Amino acid sequence: MLELIAEIWQTTKRNKLRTSLTGFAVAWGIFMLIVLLGAGNGLLNASNENNNRYVDNSMMIFGGQTSKAYDGLKEGRQVSLDDNDLQVTQSRFKQNIDKAGAIINEGGATITYGENYVSSSLQGVYPMFADVNKTKISAGRFINDIDIRDQRKVLVMPENQARELIPNNAHALLGKTVKVGDMAFTVVGLEQEDKSRMSSDVCVPFTTLKTIYNRGNRVGRIVFSFHGLKSEADNEAFEKRYRATINRQHRAAPDDEESIWIWNRFTQALQMAKGTNIIQTALWIIGLFTLLSGIVGVSNIMLITVRERTREFGIRKAIGASPASILRIIITESVVITGFFGYIGMILGILANLYMDATLGSKPIETGLFTTTVFVNPTVGIGTCVAVTIVLIIAGTIAGLVPALKAARIRPIVALMAE
Amino acid sequence: MIQLKGIHKTYFGAQPLHVLKGIDLDIAEGELVSIMGASGSGKSTLLNILGILDDYDEGDYYLAGTLIKHLSETRAADYRNRMIGFIFQSFNLIAFKTAVENVELPLFYQGVGRRKRHQLAMEELEKMGLTDWATHYPNEMSGGQRQRVAIARALVTHPKIILADEPTGALDSKTGVEVMQLLKKLNSEERITTIIVTHDPNVAAQTNRIIRIKDGVIEE
């Protein structure tokens, strides 16, 4: 074996152009494939990360406008969700719905602490809001059930807004009393900033907000998390059932699709996953074609190599080389060259991915309203890299096999006459 | 050493070409023989058959008592390697190998170890007076030097016969004479059976026996 390697080393050393061309084709194929897959993974990872900000199995329900005349009422009626709807949601869908809550918004609130103030907006929420929205509390706590029951005047504030009130030490605001408009609220928690989202609202207990701002029985939006709806069909059936129930509460046609709006994050996630799969498949196809061009390059050069060396093989045969030894030398040369340059291409591809990770991957894009990263971890697993390289080596071998067999079979006198 | 009995050879192309029409030939050990003939006479075909580079259709060919007939490529390669040393008109050295590596090559195919191979090849080159040229590539050497490297390569396995196809054909007359003297010397000193194919009467005249071939038959 060592003899063979030495032999190959000698041949390649004396045929630098040919070797480097083959090597380039191979290395380029692998490099492009890995960079492409890495970049694709980066994009997909980033989009996954953005989607992970919400709990998948949750829905949000908005009021709408009827689109059908029904029960003696004309179409075009406003439908506002109310306490009854929340009640029905909680009681009638127990087998699927875990926790239901509602959200009401109140814009344009000025929050004052001493000399400092910040303009914000309020949202009245239930404790489950923190779970569904994956709110991260950096200090204190979120709104709890007792706050709801007693209509306490407490609030949870985003940290960046708290910094406006006490610039140097936002956490000092915890437990302090601030003024919201004319009313005094106690700060019970600080919400960790999430830069990928537009500015957050200040959270107060749902019941407190409803009472203070005289919302009557209106609830704004209903939000709930659910379980047991595995497929898109399950979800559609559930939505249909839910819609019919709520519509009936408002004397709207059970199949009216505009009376209320359902935002199902689960089906949205399913669709995203489908799109992700398509992108991933497309990337693989492009990548494999790139690899194929590398393989074609290798086989092409192997073909030329064998032609070029026919006379040499003739000489070797005349002085005692068996067909098998000729075959062995060509195949081994092909494997060694593709393997070596494939490895280089793989390393360069991985380095390029790491470079992408270090530059684009960690650099958030500032839109003004929120920040986002386009690339997250744009790399390919080492297993994939190795597999791809092995595939190329095998393909290179097969590509070299046809001309090698031809060379091994050619009679020495014919080979000796070749020029 | 060599025994040919009724060798026939036909090339089946667009028109079948009956090249050798019953060759009977005996060459004893240690002979220095030349085969002469016009082009198309079949002398190259005969040489190819003698060198086990080509097969024949009819007859028997014994080389050192072994019947050489319808061998597999692998067996043929092995016999060529052990029994025959080739010297070609155009040297047929491998361009990307140095002189010593070219001489080592037949030993490589015999499976001789690297160090031993190198030592034997260097000894052979020394006999040819090429020690200083051992690490040069063929294109850095003169025609005469290249042919001497080729001769060293042919001798390194201590073959039973040397087959030389127009060994002086690509050389100027002075170098040609030197190469012929070398072959004669090897024949007389080492008793290696040598067969030279040539159309040069001066070359043929230096051999012990001239075999003339015409239209596929021997006319002595």
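Select A:I30 first. Leaving aside residues up to four places away in sequence, A:I30 touches A:G294, A:G342, A:G345, A:M346, A:G349, A:V388, A:T389 and A:L392. Keep in mind that this is a predicted model.

**The cores.** Now widen the view. A:I30 is one of the residues with the most contacts inside the largest nonpolar core, alongside A:I34, B:I35 and B:L163. That core has 104 residues. Colour helix α2 of chain A, residues 16-51. This helix gives the core its largest share, 10 residues. Next, pick A:Y126, A:V188, A:V204 and A:L209: they belong to a second, separate core of 48 residues. In soluble globular proteins, nonpolar side chains tend to be buried together.

**Where the chains meet.** Show both chains. The contact draws 19 residues from chain A and 20 residues from chain B. On chain A, select α1 (2-14), α10 (310-318), α11 (323-361) and α13 (412-417). Each supplies at least two residues of the side that touches chain B. Colour that side of chain A by class: nine residues are nonpolar, six polar and four charged.

**The sheet in chain B.** Four strands of chain B form an open sheet, ordered β2-β1-β4-β5, with antiparallel pairing. Look at the edges: β2 (17-27) and β5 (66-67) of chain B each pair on one side only. Then zoom in on β1 (residues 2-11) and β4 (residues 58-63) of chain B. These antiparallel strands are joined by five bridges.

Technical notes
Residues numbered from 1 in each chain as written. Chains lettered and ligands numbered in written order. Predicted model: local features only at pLDDT ≥ 70, side-chain atom pairs only at ≥ 80, totals over all residues. Contact = placed C-beta atoms within 7 Å. Nonpolar A, V, L, I, M, F, W, Y, C, P; charged D, E, K, R; others polar. Core = buried A, V, L, I, M, F, W, Y, C linked by C-beta atoms within 7 Å. Buried ≥ 20, exposed ≤ 12 C-beta atoms within 10 Å, placed from the backbone. Pairing = 2+ DSSP bridges.
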